[in-house]
Structure formats: structure tokens, C-alpha cells
Amino acid sequence: AVVSTQSTGAIKLHDIVTYTGNCCSTQVQRDLSVTLSRLLTSVNNGAATLQKQIAELSGEISRSKDIGAVYVGLYGYERLKYTDRAMERRFKQQFCDYAAIKLHDIVTYTGNCCSTQVQRDLSVTLSRLLTSVNNGAATLQKQIAELSGEISRSKDIFDGSFARGLEVGEFREDISHFLR
């Protein structure tokens, strides 16, 4: 006897028992029957689980097809709306954005360079100014010292001439008394 299968794919337990019943003892047949029934139950449960998973997978595939159809529709709509004029506007917008970023970078870089250059020039000018002020102060101190020396000499001369002026006045008086 050949083992037959049902239309659902499950093996008939009766056919297996009949096939093995002709060649084995009763105890072996019972053990074999129990083992086979357990095996067939496991196989049938596994087949049911597999069918359930296949059904779930097919549902997800159909949902994926629906989502894919939506994406294809959106792509087609965008493709139809994306004319040469739209591409030109988009390119101009991208160029303006790029140019604005680069211009901002250039302004920032130039501003930093100018700031550094101005700071350097101010530092050099300040050092020259300080040197000039120090030299001018030293020159003024020398001139003040020279003028102070001239003032003291002039004072000495004035005091000496005043004293001589008194002597001259007395001499004039003496001459005028003598001539009279």
C-alpha cells in the first residue's frame, strides 16, 4: 500500500497504520500510531501557522503595492509639473542661495582681514605717536632747562645792571653837581 495525502497536504493516519500493521507487532503498532499522531498534529499545526503567515505576508505585500502606487503617482505628477520653466526657476533659486552663502563667507573673511589690518595699522600709528610724544617731551624739557638757565643769567644781569644803574645814577648826580 502506498501512503496517500489529502487535498490539504496532510497525511492520512489510517493509511500509515494500515501500511505498518502488516509487518509489526501490536505494541509497536500502538507506539508507532501515537508517535505518528503526534507528528501529524505538529505538521498540521505548522502548516496552519505557515498558511497564516503567508496570508499576513500577502496582506502586507498588497499594502506595499498600494503605497508603491501612491509614490509612483506622486512621482508622475511631479514629473509632469517639472517643466523647463520650473527647472529654470529652481536653478536660479539654487544659484541665488549658493551665491548668498558665498557672498556672506567673502564678507566675513574680508571683514576679518580688514579688522586685522586696521588693528595692525592702529598699533603702528600708536607706537609712532608715543615715540613722537616722548621725543617732543624730551626736547621740551631740554628747551625748558635752557630757558631756565637764560632766565637766571638774565636775572643776574638785570640785578647786576640795576646795581650799576644805581651807581650810574650816583655818577650822574656827581657830574651834575660838578658841572654846576
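Predicted model: local features only at pLDDT ≥ 70, side-chain atom pairs only at ≥ 80, totals over all residues.
Partly exposed, as I use the term today, means a relative accessible area between the buried class, under 20%, and the exposed class, over 50%.

Cysteines, then. C113 has a relative accessibility of 34%, so this residue counts as partly exposed. C114 comes out at 45% and also falls in the partly exposed class.

How many disulfides does a search of the whole structure find? The search returns zero. A disulfide is a covalent bond between the sulfur atoms of two cysteines. The cut-off here is a pair of cysteine sulfur atoms within 2.5 Å. For C113, the closest cysteine sulfur belongs to C114 and lies 7.0 Å away, which is too far for a bond. Starting from C114, the closest cysteine sulfur is that of C113, again at 7.0 Å and too far for a bond.

Now to charged side chains. The salt bridge count is one. Which residue does K92 pair with? The partner of K92 is E88, and their closest N and O atoms are 3.2 Å apart.

Where do the two residues sit? Both are in helix α3, which covers residues 84-179. K92 and E88 are four residues apart there, so about one helical turn separates them.

As for accessibility, K92 is partly exposed at 47%. E88, with a relative accessible area of 43%, is partly exposed as well.

Technical notes:
Residues numbered from 1 in each chain as written. Heavy atoms only, no water. Salt bridge = Lys/Arg side-chain N within 4 Å of Asp/Glu carboxyl O. Buried < 20%, exposed > 50% of the residue type's maximum accessible area, 1.4 Å probe, protein only.
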